[in-house]
Amino acid sequence: MTAPGTGHVHDFVGIGLGPFNLGLAALADPLRESGELDGVFLEARDRFDWHPGMLLADATLQVPFLADLVTMADPTSRWSFLNYLKESGHLYPFYIRESFYPLRREYDDYCRWAAERIGGIRFGQRVTAVEHDGSAYLVRSATGEVVRARRVVLGIGTSPRILDCVRAAGGPAVHSADYLAHKETLQQQESITVVGSGQSAAEIYHDLLSEAPDHGYELTWLTRSPRFFPMEYTKLTLEMTSPEYAAYHRRLPEETRDRLGREQRHLYKGISGDLIDAIFDLHYAQRVNGHGPRTTLLTHTAVTGARWRAGGYDLELHHTETGEDFGLRTGGLVLATGYAATEPSFLAPVEGRIRRDARGRYDVAGNYSVDLERGELFVQNAEEHTHSLIAPDLGMGAYRNSVILAALTGREVYPIEKSIAVQTFGVPDRLRRPQHVEANR
């Protein structure tokens, strides 16, 4: 164990090892080997696991394989998805398959392949406190180890969002993050209800519907959204995951950004069109084959209350369009209600070094730092309120890590794209009146 105030000082320490910090480790690996940048990554788990509860056999990513750990920053990296396929003997089968979208299990295995080979990654290190001794950050782990570093990159990910009324009710409700571990128990119930409107809800509903004839349960899918909407995937919409849009979004007033955050959810939290069609086709096939499913799909339906009793949930529901209150009795309950950014308690000792906005959230700079000095404490996927929908996008992970690495090293290790979009966000300078041009320079 290293005593506080003594020992080696790393250039940076990464806390957490999801795909984004793993991508940083991969892009920083050549710098580590050359001696230019000394970084270490601490992960609480004993190995890399990416949403294990949702690794359904045929589920795919919603982004192409180019959105791997490194390719959009460094296509020549040995940590690319294509190199993983080559080393695992799957490159030609992937080529013949003719799909840009890897299986989710395949992506998880790819990340684990990289995590087991990249240097500087330490598993089984749950961080308990981050302090600062005046010259460096001290990162303490539950094992008693203290890592000293000049900078910190926070990549702990998000936490499952549980409806308050369900949490208060108790009982065995399952979040989608843990679906596969509880699937067998769920299928022993006479009825199962899935709550949510996104890809995870649709995948779970399709999975349960496909096996409903073998088990005989009744299946309900509820969403407060006005419809089961597909993710918008047109090219000009995809340009909103761009450096230009992120910069434009950051310049908007805080209240405008918050409003856009609510309005833009369908751009990245919808369902793939293919899956929506597959759900309908499965309904049709079961009906034709004499296994008409006992199932109900309800939109405009909010869960307003829950009570656990006698081995089931009594759900209180409200139809937001008709204004009616009604109820539902269900044995199994799956909450595909998404994830929320969380601020770890271990940052409490350095709270005075963190910049916050008017609502108490991280005030994230253009280089993804949140500290007063704008270059010591960085965040990954905790900046949706400042940088918009690019925050959780796997395809923009390599871009963000290129920006962070530039801040860590003082140079553009990997070229950072400034302009990629066809369209212009905001008012172009050439069309502005003179006083506005000066004000925005």
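User: What makes the second largest pocket a pocket, and what is its volume?
Analyst: In this predicted model, its volume is about 520 Å³, meaning the space filled by probe spheres set on the grid points, joined across faces, edges and corners. A pocket is an open set of points on a 1 Å grid over the protein atoms alone, with protein on both sides within 12 Å along at least five of seven lines. Local features need pLDDT of at least 70, side-chain atom pairs 80 or more, while totals for chains, interfaces and linings use all residues. Numbering starts from 1 along each chain, and side-chain values use heavy atoms, without hydrogens or water.

User: Which residues line the second largest pocket closest to its centre?
Analyst: Thr-60, Gln-199, Ser-272, Asp-274 and Leu-275, out of 18 lining residues (an atom within 4 Å of a point). Helix 7 and helix 11 (273–288) each supply at least two of the lining residues. Helices are DSSP runs of H or I, at least four residues; strands are E, at least two.

User: How do you know that strand 9 and strand 10 pair?
Analyst: Pairing takes at least two DSSP bridges. Strand 9 (residues 191–195) and strand 10 (residues 218–222) have five, and run parallel. Val-195 has Leu-222 as its bridge partner.

User: Why are strand 8 and strand 11 called edges?
Analyst: The open sheet has the order 8-15-9-10-11. Strand 8 (174–175) and strand 11 (295–298) each have a single partner strand, so one side of each lacks a neighbour in the sheet.

User: Which residues beyond four places in sequence is Val-130 in contact with?
Analyst: Contact means heavy atoms within 4.5 Å. The partners of Val-130 include Ile-15, Tyr-137, Phe-346 and Pro-349.

Conventions: 1 Å grid on protein atoms, 1.4 Å probe; cavity = no way out; pocket = protein on both sides within 12 Å on 5 of 7 lines; lining within 4 Å.
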